[in-house]
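Look over the sequence and structure first.

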Amino acid sequence: MLALATTWLFASSAAFPDAPRIDAPLVFDELRPASGYGAIIPFEPRGQVNLDRVWWTAPRAETVKQLGERFGVPAEEMRALDPSFIGPRVRAGQRVLVYRHDARTPSRSVGAPNRGRIEHAAPFPEGSGWRLRAYRPRAWATRHVVGELVSAIGEWRERFPTAQPVLIGELSRRDGGRVRPHRSHRSGRDVDIGYVLLAPPAAHKFTVATPHTLDAAATWALVQQLLASGSVESIFMAARVQVQLLPHALPHVDPARLRSVFSVLATDPRARKRAILRPWGGHDDHMHVRFACTDADIRCGAADRRRSKKKRKKGRAKRR
Ligand SMILES: [Zn+2]
């Protein structure tokens, strides 16, 4: 008899209604032939992503100063993070420590997405299910957002191991603040993610989602995984993309829930604005995921209100 160690397998049956329901840890004490549900479920340990120490790969040979600009981390700080990191230049492929977690300095979002900033941001790590740009001064977010997104993509990847990796676009600057040409992306809660495509992307460039380019089943599964995290506030997505995802959602999701998710199914303009997937601007070649505030964040949205009050006053003064 071949004894296997206890395998803890977690599956979200809410996110994937047709997945086998697994409510308790499964214990296999012997191998049985794989035949339908109840047989051995292949278990592969997930590629671990370390969020306590994040290493990025230098994409080309260049000076440490140039690399600092590419990564949004001053060269002196990179040297302080890793004392073994010496010399005036880096070589292509060299791994460089860009972040070391310090529990004494909480990572948090301050203010609204279009007015705020971040304290102690974390860099989005490199991983197998996604691709980061080589130029990364805007690849930072709160530690909570980075953790939730890495986890969601990791879970999704287990269900779609052969899907194309997604392109990660803009997050925020290390300290937050203005990210041109965006109005938001300032407080570490906004992330641009390319749709899952049928073919590998030729370059780090978003591709418009059409029936010929979009892997709609895998994209819908990624959206489900993000929603299942419970951490997402809204996702900006063009109506024409939502329509392509609908056939994959319709058979499995309760109609009321569907209407609260897809703005294209909303019956009135107010419901459309409240839907989680909302068309806003373009968003036909990527989705903009906004994560909700946590208790650790400060004045989430408050800056918006302060600004509008000030604006109203200014407006009144002008009219007078
Ligand atoms: Zn965006």
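Q: Is α4 mostly covered or mostly open?
A: This is a predicted model, where local features need pLDDT of at least 70, side-chain atom pairs count only at pLDDT 80 or more, and totals for chains, interfaces and linings use all residues. Residues are numbered from 1 along each chain as its sequence is written. Helices are DSSP runs (H or I, at least four residues), strands likewise (E, at least two), numbered from the N terminus. A residue is buried if 20 or more other C-beta atoms, placed from the backbone, lie within 10 Å of its own, exposed at 12 or fewer, and partly exposed in between. By that count 10 of the 13 residues of α4 are buried, so the helix is mostly covered.

Q: Which elements do the buried residues of α4 pack against?
A: Contact means C-beta atoms, placed from the backbone, within 7 Å. Trp220 and Leu222 are among the buried residues of α4. The buried residues of α4 pack against α3 (143–159), β12 (232–236), α5 (239–249) and β14 (286–291).

Q: Which residues have the most contacts inside the largest nonpolar core?
A: A nonpolar core joins buried Ala, Val, Leu, Ile, Met, Phe, Trp, Tyr and Cys residues through C-beta atoms within 7 Å. The largest has 57 residues, and those with the most contacts inside it are Ala141, Ile235 and Val289.

Q: Is His185 buried or exposed?
A: His185 is found in the loop between β10 and β11. Its phi is positive, near 65 degrees. Because 28 other C-beta atoms lie within 10 Å, His185 is buried.

Definitions and conventions: Contact = placed C-beta atoms within 7 Å.
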